[in-house]
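Here is a quick tour for anyone meeting this structure for the first time. Have the model open as you read, and hop from one stop to the next.

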Amino acid sequence: MSLLTSKFNTKYDTAPFSKIKNEDFLPSFQEGIALAKTEIDAIVQNTEKPTFENTIEALDFSGHILDRISSVFFNLNSAETNDEIQKIAQDVSPLLSEFGNDIRLNADLFAKVKTVFEQKENLNLNPEQTTLLDEKYKSFSRNGANLPEDKKIKLREIDKELSKTSLNFGENVLAETQAFQLHLTDEKELSGLPEGTIEAARSLAKSQEKEGWLFTLDYPSYVPFVTYADNRELRKKMAIAFGSKGFQNNALDNQENVLKIAKLRFDRAQILGYATHAHFVLEERMAESPEKVKTFSHDLLEKAKPAALKEFAELTAFAKKLDGIEQLEKWDGAYYSEKLKQELFNLDDEKLKPYFQLEKVLDGAFTVAQKLYGITFEETFEIDKYHDEVTTYEVKDNNNNLVAVFYADFFPRKGKRNGAWMTSYKSQFIKDGANERPHISIVCNFTKPTETKPSLLTFNEVTTLFHEFGHALHGILANTTYPSLSGTSVYWDFVELPSQIFENWCYEPEALAIFAYHYQTNEMIPIELVKKIKESSNFQEGMATMRQLSFGLLDMGWHAQDPSKITSIKAFENDQFADTQLYPDVTENAMSTSFSHIFQGGYSSGYYSYKWAEVLDADAFEYFQEKGIFNKEVADKFKDNILSKGGTEHPMILYKRFRGHEPSPDALLKRAGLI
């Protein structure tokens with residue numbers, strides 16, 4: 001079956017997963033690229049004078065079929081991959097990179113775009129059209145359209161090399177994650193571990209026909225292990241394995257890949273006339289420049305560091321008092337933090353988990369969205385899926401119109417990468433009078449149900465689900481004309497606002513009353529536990545802030561300077577972490593070699609944006625708190641100015657329209673208890 005069709009001939013034009021075979025992908029990509037090139041040729045060969053409609057708009061709507069094929073394929077490569085799909089990704093990535101460059105370096109096409117761009121003032125465009133024109137012009141100028149021919153060729157080579165190297169980086173991280181297993185056969189070594197974690201480890205061992213228990217580096221296995229296992233040596237073993245992914249001088253080593261990616265990015269920025277990769281990236285961000293990011297980070301660090309040092313001293317004293325530990329190591333952090341948290345708040349994740357059954361938490365997120373934005377989620381069995389564990393929903397408005405299709409995929413399995421993310425199978429846009437609605441998905445890695453228990457979430461996983469669902473709402477409620485400005489297609493340091501603000505509802509008694517019910521007794525979560533969740537939300541906030549800032553500063557270290565002098569990744573990292581280090585260094589470990597956010601995802605020069613978005617989210621949520629967390633007027637303003645608007649205007653304009661003023665970091669510092 002060719003995937004080449006403008007409509008999939010399925011309900012709501014959803015992806016026909018069960019009919020797609022792996023061998024369909026490569027020919028479909030090749031045909032899709034050819035078709036998109038034909039659409040581009042039609043724009044270039046049009047003999048009428050270039051206008052906004054026949055050039056800029058036509059360009060944005062071109063390549064729609066190729067986009068759909070890409071979204072199906074690359075989402076599968078993240079959530080349901082195998083050797084064959086990874087091999088196809090290696091073949092396809094250079095083709096797509098080449099095609100992107102064919103467009104961006106097409107001199108005749110750029111000439112037409114430039115003609116329209118130069119008449120901008122006389123075209124009487126609305127804000128969305130103005131943004132689209134600016135974006136299209138910049139997509140050429142920022143990718144070398146104004147360069148001489150020899151530099152264009154060099155740029156193409158770099159882009160091809162970059163796309164291959166970062167794919168390779170990601171495959172190595174996945175392979176290293178899956179290569180390690182801790183196999184335990186002595187029950188004494190399970191001391192301290194939660195029952196659910198033990199049960200999951202036993203069923204994994206059983207599935208591999210092994211005795212005892214198997215623990216892996218997948219988050220639902222790794223995190224509880226280093227948080228609860230009493231055996232310090234085993235925690236150390238797990239932590240070192242986790243921290244040495246891509247840093248073992250073996251066939252899966254990522255050190256060369258990291259150096260290569262950083263250097264290629266720097267060379268690319270230089271060819272385009274920018275001082276560094278960070279200067280190039282940040283030109284298109286709210287933060288604008290590396291200097292501004294560093295100032296922002298160091299200002300927050302100054303506020304957080306005294307608190308972090310104090311918290312670390314308390315943790316050290318606590319571990320010494322409890323177990324005579326003289327020197328806290330990285331594999332002690334989560335373990336003693338959890339013990340200290342229990343002592344201070346008597347709040348144990350294991351006590352909370354029974355109140356957070358996955359299905360109820362998801363329903364809770366649906367209900368919060370309904371109360372705020374008037375949309376409902378109804379499970380449907382008429383939509384094809386790529387795995388049995390995926391659930392599908394129709395999202396409708398008050399008048400029963402389709403708003404979106406929603407997919408949810410919650411459990412770890414072979415071929416699914418770690419972590420949690422939101423993605424899209426089809427963008428929203430308006431064409432020929434029809435509002436094409438989006439197909440949105442969230443993917444997480446939570447503990448699977450067992451024979452005796454449903455999937456029960458830690459509170460941290462509850463906030464993860466709400467976080468990804470917040471991203472999903474940004475996609476679901478999109479309402480723009482052009483696909484490239486729709487949904488989450490916004491400045492990178494703005495994209496985390498909808499996700500991070502949605503996490504706030506997890507801490508509010510009024511929202512918890514909707515979904516936090518004991519899975520066996522159906523009693524609501526006791527109000528004293530809710531109070532403790534709220535009180536403990538600031539627990540070790542100084543350390544958490546410093547940790548997050550350290551990752552952002554490492555990212556800036558790689559990308560805001562010439563990396564060609566870096567020879568040892570380890571020495572470089574130690575240097576970058578000097579200001580933020582609390583624990584002694586672990587020689588076997590490096591962060592960069594598995595720092596997928598910046599070397600494979602889109603976060604290079606953008607990791608600071610988590611903290612940046614926290615400033616926005618704390619400031620924005622303060623508005624909800626002032627008026628009521630389900631206040632319709634504030635919710636409508638958030639929906640109309642933020643969620644539905646995508647990237648149609650500069651985010652600061654949209655934010656001020658919602659809030660009435662620029663965001664202030666004070667709300668965040670207050671919430672974090674740092675002022």
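## Before you start

What you're looking at is a predicted model. With that said, let's start with a pair of helices.

## Helix 14

Helix 14 covers residues 330-345. Its 16 residues should span 22 Å at 1.5 Å a residue, and because the end C-alpha atoms are 23 Å apart, the two values agree.

Following helix 14 comes Asn-346, with a positive phi near 50°.

## Helix 16

Helix 16 takes up residues 358-373 and also has its length checked: 16 residues reach 22 Å from the first C-alpha to the last, close to the 22 Å expected. Which of its residues are buried? They are Leu-358, Val-361, Leu-362, Gly-364, Ala-365, Phe-366, Val-368, Ala-369, Leu-372 and Tyr-373.

Just after helix 16 sits Gly-374, with a positive phi of about 65°.

## The second largest pocket

Where does the lining come from? Helix 13, helix 24 (609-627) and helix 27 (666-671) each supply at least two residues, and helix 13 gives the largest share, with six. Sorted by class, the lining of this pocket has 10 nonpolar, two polar and six charged residues.

How many disulfides does the structure hold? The count is zero. Cys-444 is in no disulfide, and the nearest cysteine sulfur to it, that of Cys-506, is 12 Å away. Seen from the other end, the closest cysteine sulfur to that of Cys-506 is in Cys-444, and 12 Å is too far for a bond.

Are these cysteines buried or exposed? Cys-444 counts as buried because its relative accessibility is 0%. Cys-506 is buried too, with a relative accessible area of 0%.

## Two loop residues with a positive phi

Most residues other than glycine have a negative phi. Asp-432 has a positive phi near 50° and sits in the loop between strand 7 (429-431) and strand 8 (434-436). With a relative accessible area of 74%, Asp-432 is exposed.

Gln-540 has a positive phi as well, near 55°. Its place is in the loop between helix 20 and helix 21 (541-559). Is Gln-540 buried or exposed? It is buried, because its relative accessible area is 13%, under the 20% cut-off.

## One last stop: Ser-70

Finally, head over to helix 3 (residues 64-79), where you'll find Ser-70. Its relative accessible area is 16%, so Ser-70 is buried. Leaving out residues up to four places away in sequence, Ser-70 touches Phe-29, Asn-75 and Leu-96.

Note on methods:
Residues numbered from 1 in each chain as written. Predicted model: local features only at pLDDT ≥ 70, side-chain atom pairs only at ≥ 80, totals over all residues. Heavy atoms only, no water. Helix = DSSP H or I, 4+ residues; strand = E, 2+ residues; numbered from the N terminus. Expected span 1.5 Å × (residues − 1). Buried < 20%, exposed > 50% of the residue type's maximum accessible area, 1.4 Å probe, protein only. Nonpolar A, V, L, I, M, F, W, Y, C, P; charged D, E, K, R; others polar. Contact = heavy atoms within 4.5 Å. Disulfide = S-S within 2.5 Å.
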